[in-house]
Amino acid sequence: MFKYLRRPLLMMTRSVSSNLSGTATTKLTTRTAGTLIEVNKALNGWEKKLKDAGVQDTDFNLKCIVSHVLKQKFNTVPDDFAHLKFDSTQLADFERFCEARCARMPLQHIIGEWDFMDITLKTSPTVFIPRPETEEFVRLVIENYRNVKHVDMLEVGCGSGAMSLSMLHELPQVDATAIERSKAATALAWENAKLLGLQERFKVYNHTMEVDKYMPEQLQDEQYDLIISNPPYVKTDEFQYLHPEVVVYENLNALDGGSDGLRVASLVFDLACLHLRPGGKLWLELGNEHPPLVKTIMNLKYQGRLQFVDSYLDQYKRERFVQLQKV
């Protein structure tokens with residue numbers, strides 16, 4: 001179905017992106033110049049438009065946009081928007097952002113930043129948005145390392161830096177190195193590290209992992225206590241079922257795990273054999289069908305090098321997270 005939606009969505013994307021970077025229309029500015037309008041009145045009709053566009057959880061979406069337009073924290077904005085008002089510029093912004101959301105542009109790209117655990121990250125349309133399940137994954141890893149004296153950590157495919165920077169923010173005993181194949185994501189991760197004041201404990205390298213070229217030249221001899229990764233795990237033939245927000249607006253390279261969803265994860269297994277210290281752990285976030293398969297792969301292909309420790313469920317009771325250990 002999405003192959004038929006994609007062309008009009010892409011056309012709408014170009015229009016929305018242009019409008020987001022432009023100024024309010026003359027008609028709108030004239031209508032509201034010098035006046036304030038109650039937020040509740042400005043909301044009229046938008047819930048239906050969002051629902052008609054296929055957007056779920058419209059209350060949450062509208063509150064996010066209102067909070068952003070008013071430059072207020074989400075949790076400080078009342079759910080009923082009582083006593084809140086827009087000026088003409090804010091009203092123009094609100095309507096343009098709602099139009100963008102109706103075009104299925106992700107909230108994170110509309111707002112330009114997003115909270116991940118206890119940190120706020122700058123976002124970019126070229127960089128994959130971390131999901132709530134990834135927060136669960138990171139919390140699980142953090143709890144396993146909270147009382148460890150020192151941890152040298154490597155992240156494979158850091159994207160915006162969400163996982164590494166959350167670990168650094170929560171655990172002062174961690175030093176993190178990351179590799180990332182996207183130049184845009186590498187730059188964004190470094191920018192986020194500086195914005196959060198974590199750049200002294202974070203290094204990131206632009207590098208495309210390949211067989212027998214798992215790490216950049218500068219890191220060829222490095223070993224780590226912990227490796228974490230949320231590699232692409234969507235099977236190529238499952239892309240047709242992805243939401244328009246993903247198909248149109250996301251970097252699909254950050255999702256494509258090949259025919260079995262483990263194309264990149266398999267490279268991470270080999271990297272871990274070379275760059276984990278004995279007893280070191282590899283933690284992965286994968287698709288819900290992958291943990292049993294990974295256990296089989298460890299027993300058949302990596303015996304004596306890596307061993308399967310355990311798998312864990314996410315909040316939806318799906319088996320998603322895997323812990324392996326260097327033998």
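This section describes the sheet, the helix packing and the aromatic pairs of a predicted model.

The strands β7-β6-β5-β8-β9-β11-β10, in that order, form an open sheet of seven strands with mixed pairing. The edges are taken by β7 (202–206) and β10 (306–313), each of which has a single partner strand, so one side of each is left without a neighbour in the sheet. On average, and with direction ignored, neighbouring strands of this sheet are turned by 20° against each other. Five bridges join strand β9 (residues 276–285) to strand β11 (residues 319–326) in the antiparallel sense; Leu282 has Leu324 in β11 as its bridge partner.

Two helices were examined against this sheet. Helix α10 (residues 183–195) packs on the sheet, where it touches β6 (174–180) and β7, and its direction makes about 170° with that of β7. Helix α12 (residues 263–275) lies across β5 (151–156), β6, β8 (224–229), β9, β10 and β11, and runs at about 155° to β9. A further helix, α9 (residues 162–170), has seven of its nine residues buried and is therefore largely enclosed by the rest of the structure. The buried residues of α9 are Ala162, Met163, Ser164, Leu165, Ser166, Met167 and Leu168.

Helix α5 (residues 58–70) packs with helix α6 (residues 88–102) at an angle of about 145°, the axes being 10 Å apart. The crossing of α5 past α6 is right-handed. In this contact, Asn61, Leu62, Ile65, Val66, His68, Val69 and Leu70 of α5 meet Gln90, Asp93, Phe94, Phe97, Cys98 and Arg101 of α6. By class, eight of the residues in the contact of α5 with α6 are nonpolar, three are polar and two are charged.

Seven aromatic pairs are present in the structure. One of them, formed by Trp46 and Phe94, is edge-to-face, with 6.4 Å centre to centre and 85° between the planes. Trp46 belongs to helix α4 (residues 46–52) and Phe94 to helix α6, so this pair ties together parts that are 48 residues apart in sequence. Both Trp46 and Phe94 are buried. The pair of Phe60 and Phe74 is tilted, at 5.5 Å centre to centre and 55° between the planes. Phe60 lies in helix α5 and Phe74 in the loop between α5 and β2 (85–86), so parts that are 14 residues apart in sequence are tied together by the pair. Phe60 is partly exposed, its relative accessible area being 32%, and Phe74 also counts as partly exposed, at 33% relative accessibility.

How values were computed. Residues numbered from 1 in each chain as written. Predicted model: local features only at pLDDT ≥ 70, side-chain atom pairs only at ≥ 80, totals over all residues. Heavy atoms only, no water. Axes fitted to C-alpha atoms, helices over the stretch in contact; angles between N-to-C directions. Helix = DSSP H or I, 4+ residues; strand = E, 2+ residues; numbered from the N terminus. Left-handed = near helix turned anticlockwise from the far one by under 90°. Contact = heavy atoms within 4.5 Å. Nonpolar A, V, L, I, M, F, W, Y, C, P; charged D, E, K, R; others polar. Pairing = 2+ DSSP bridges. Buried < 20%, exposed > 50% of the residue type's maximum accessible area, 1.4 Å probe, protein only. Phe/Tyr/Trp six-rings, centres within 6.5 Å; stacked < 30°, edge-to-face > 60°.
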